[in-house]
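Reader: I would like to learn how to read salt bridges and strand pairing in a model. Please take me through some cases.

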Amino acid sequence: MEKEIIFEAKHMHKEFGPTIALKDVDFTLRRGEIRGLIGENGSGKSTIMSIASGMQSATSGEMFYHGKPWHPQTMVESQKQGISMILQEANSIPNITVAHNIFAGREKEFMSHGIFNSGKMAREAQKILDSFGVSHIRAQDSINKYSFEDRKLVELVRCVDENTEILVVDETTTALSQQGRDILYDLIHRMASNGKAVVFISHDIDEIFDQCNALTVLRDGEIVGTVSEEEILACRNSDNRKEAVKPVRHMMVGREMGEKYYREDMERSSLPETILEVSHLTFGQIKDFSLSLKRGEIVGIGGLSGCGMHEVGRAIFGLEKLKSGSVICNNSPIRTPLDAIRQNMGYISKNRDTEALIMQGAIGDNIALPSLDRLSHCTFISPGKERDLIQEQIDSLSIKCNNSKQYVSTLSGGNKQKVSFAKWMANDSEVVIMDCPTRGVDVGVKQSMYQIMEEMKKNGKAIIMISEEMTELIGMSDRLLIMKDFQVTKEFDRSPNLKQTDIIEYMI
């Protein structure tokens, strides 16, 4: 017996100027489903659910919720009616407390005779935090105190209550540690068992097959296939998961993907010249961090969220004020980001929307910005050279856009990340610090980014790759530094015998 339909979209069509994001899409969601939505960047998977949750409107088409026409005007209205969406990027409100974030838009619940009871709000918020298993987050604290991961957990707490009928999870797990992911996984399975519905948007095919009981695949704004619960179970239980998911990968990209993914060479290698010397950095909670980086070397830095690895990347690029220690690149001291850029360093921030990109700027301006010195002659910038430089990066990274003048804010998460990558490729940076470089990027783009990293290595460029993905670190690094409690606990050389189990004990 089929489960009851809770949400339905018919002939949904969405245009952004000349770009068609959705083409006549029919989508059905039933009670008890954890419906995976998967596809390449720009395939339309987030667009469907952002329309359903009131974030934007469709160009044409119909939606039905509980069998009745559905026309939400805002996300707040949608959430009150039972459809909540956790966005990929940070969506917390800065400079206010955790409690105010949780009850944003609901402050009237804590008013009595015209007086606002902040203590009552904090107590209620703390009860909710405790019930989600995140009691380390204190309701009365400023949200600014907490990491990106903890802020995502606060967003989760804010989105879900007893009235939630449909929860949309949009690439949220890329920002979470395993502990945070487990909290989310437990929640979505409890919702499904209670007859609610979940839409789980992810690029991670293994995660989709492990957590979902139905799957819809999109490509270029169209639904190109579905996978039933029986097929998902068969894949989950397969002795060869890689082969079992091949048809889904093919549906996603419309072509066969090559077997090559990570580096195939398994020996540590580099050129003899040291290009970057990081000596005894001490700042914040980091004490005495040192690192040497040679030309043609990829050094990975890994650990659990909160171990200090992201702060180290910022400090090397001059974004943190040091108490002591030094960073020397090309024999010149790095004290500020301007020093770093002048010594041909680049930095891809984990916090893409707030640090890596100018969201209300054009794609072309973002790409060209670090290269302005190279493009200028006697303070005059050659429009032709700038245009060629920008177009070369748009083409080489297959950035899906109308043209280079399109605002970055209008791009999908994965295409934003490509722009973040492109700005330093355009500048031909000799050293690039990559903090979670493939977060929110689909499998096809990941593959091409790894190939770019290999090409950079062959050309004598040097890379520091900070990542929470063990397979990525093992697959790409010449050396791997593991951090715990703001210090390095172990260093591994590249080896065909290196496994995740060898590493984990130095992280926990």
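Author: A salt bridge here is a side-chain nitrogen of Lys or Arg within 4 Å of a carboxyl oxygen of Asp or Glu. This is a predicted model: local features need pLDDT of at least 70, side-chain atom pairs count only at pLDDT 80 or more, and totals for chains, interfaces and linings use all residues. Residues are numbered from 1 along each chain as its sequence is written, and side-chain values use heavy atoms, with hydrogens and water left out.

Reader: Where do E124 and K127 lie?

Author: Helices (H or I, at least four residues) and strands (E, at least two) are DSSP runs, numbered from the N terminus. Both residues lie in helix α4 (residues 118–131), three residues apart, about one turn of the helix.

Reader: Is K127 buried or exposed?

Author: Buried means under 20% relative accessible area, exposed over 50%, partly exposed in between (1.4 Å probe, protein chains only). K127 has 54%, so it is exposed. E124, at 29%, is partly exposed.

Reader: Which residue forms a salt bridge with K350?

Author: E468 does, with the closest N and O atoms 3.2 Å apart. This pair links distant parts of the chain, 118 residues apart. K350 is in the loop between β18 (345–348) and α13 (352–356), E468 in the loop between β22 (462–467) and α19 (470–476). K350 is buried because its relative accessible area is 7%. E468 is partly exposed at 22%.

Reader: What is the partner of K461?

Author: D428, with the closest N and O atoms 2.9 Å apart. K461 sits in the loop between α18 (443–458) and β22, D428 in the loop between α17 (413–426) and β21 (431–435), so the pair ties together parts 33 residues apart in sequence. K461 counts as buried at 15%. D428 counts as partly exposed at 41%.

Reader: How many salt bridges are there in the whole structure?

Author: The search finds 21. Salt bridges also link R263, D265, K457 and D478 in a network.

Reader: Now strands. In what sense do β1 and β4 pair?

Author: Two strands pair if DSSP finds at least two bridges between them. β1 (residues 5–16) and β4 (residues 60–65) pair antiparallel, over five bridges. A9 stands opposite M63 in β4.

Reader: What joins β4 to β5?

Author: Two bridges, with the strands antiparallel; β5 covers residues 68–69. F64 has P69 in β5 as its bridge partner. β4 and β5 form a hairpin with two residues between them. In the turn, H66 has a positive phi of about 55°.
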